[in-house]
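Please keep the viewer open as you go.

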Amino acid sequence: MKTLADAFHHTLKDIYYAENALTKAMPKMISAADGDVKSAFEDHLKETREHVKILKKVFATIDKPAEGEKCDAIEGLIKETEGIIQEASGKALGACLIGAAQAVEHYEIARYGTLRQWAKELKNDEAHDLLSQILDMEKAANAKLTGIAVAAA
């Protein structure tokens, strides 16, 4: 990567991979969860699928195909979550699943915040607006998880 446009494209491929990986991993989390946690995960899976669609529009703004590039960070977070599902039970399972989901949300918030700012720097207003939509959704999902955790404490 030699330019900000290169970095933008690379990071866009990274988050596209991450969102697609999450659409495959989240059903396992939904199966393991119950109550409000399960409901929050179900809602966020729908949003994640929407994020993939929005990201395709972002790729179109830079005239590039929507394709992912392996994201080691999300792979690690998914692997950690799979371990939680195998090892935890009862109240600890719900609490640990919320913590794992929030780790993913924080990663996504960081990525989308960066991409949004880079889109602004690159004067790509359409990408900036689309990425802002996703960023707001990720922040709301994180806040919802915090609310569930606080209420359960």
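Predicted model: local features only at pLDDT ≥ 70, side-chain atom pairs only at ≥ 80, totals over all residues.

Residues are numbered from 1 along each chain as its sequence is written, and side-chain values use heavy atoms, with hydrogens and water left out.

**Helix 4 and what follows**
- Helices here are DSSP runs of H or I with at least four residues, numbered from the N terminus.
- Helix 4 covers residues 90-121, and its 32 residues should span 46 Å, taking 1.5 Å times one less than the number of residues.
- After helix 4 comes Lys123, with a positive phi near 60 degrees.

**The nonpolar core**
- A nonpolar core is a set of buried Ala, Val, Leu, Ile, Met, Phe, Trp, Tyr and Cys residues joined through side-chain atoms within 4.5 Å.
- The largest one holds 44 residues, and those with the most contacts inside it include Phe8, Ile15, Phe41 and Leu131.
- Two or more residues each come from helix 1 (4-32), helix 2 (35-61), helix 3 (72-87), helix 4 and helix 5 (125-152).
- Helix 1 gives the largest share, 11 residues.
- Contact means heavy atoms within 4.5 Å; beyond four places in sequence, Ile15 has contacts that include Leu55, Tyr107 and Leu115.

- Buried means under 20% relative accessible area, exposed over 50%, and partly exposed in between, with a 1.4 Å probe and protein chains only.
- Glu138, in helix 5, is buried at a relative accessible area of 0%.
- The side chains of Glu138 and His44 make a polar contact at 3.2 Å; such a contact is a pair of N or O atoms within 3.5 Å, where within protein one must be able to donate a hydrogen and the other to accept it, and residues adjacent in sequence count only if both atoms are side-chain atoms.
- Glu138 and Glu105 are 33 residues apart along the chain, with their C-alpha atoms separated by 6.2 Å.
- Asn124 sits in the loop between helix 4 and helix 5 and counts as buried at 13% relative accessibility.
- The side chain of Asn124 has a polar contact of 2.9 Å with that of Thr61.

**Cysteines**
- Cys71 is buried at 1% relative accessible area, whereas Cys96 is partly exposed at 34%.
- The whole structure contains 0 disulfides, taken as pairs of cysteine sulfur atoms within 2.5 Å.
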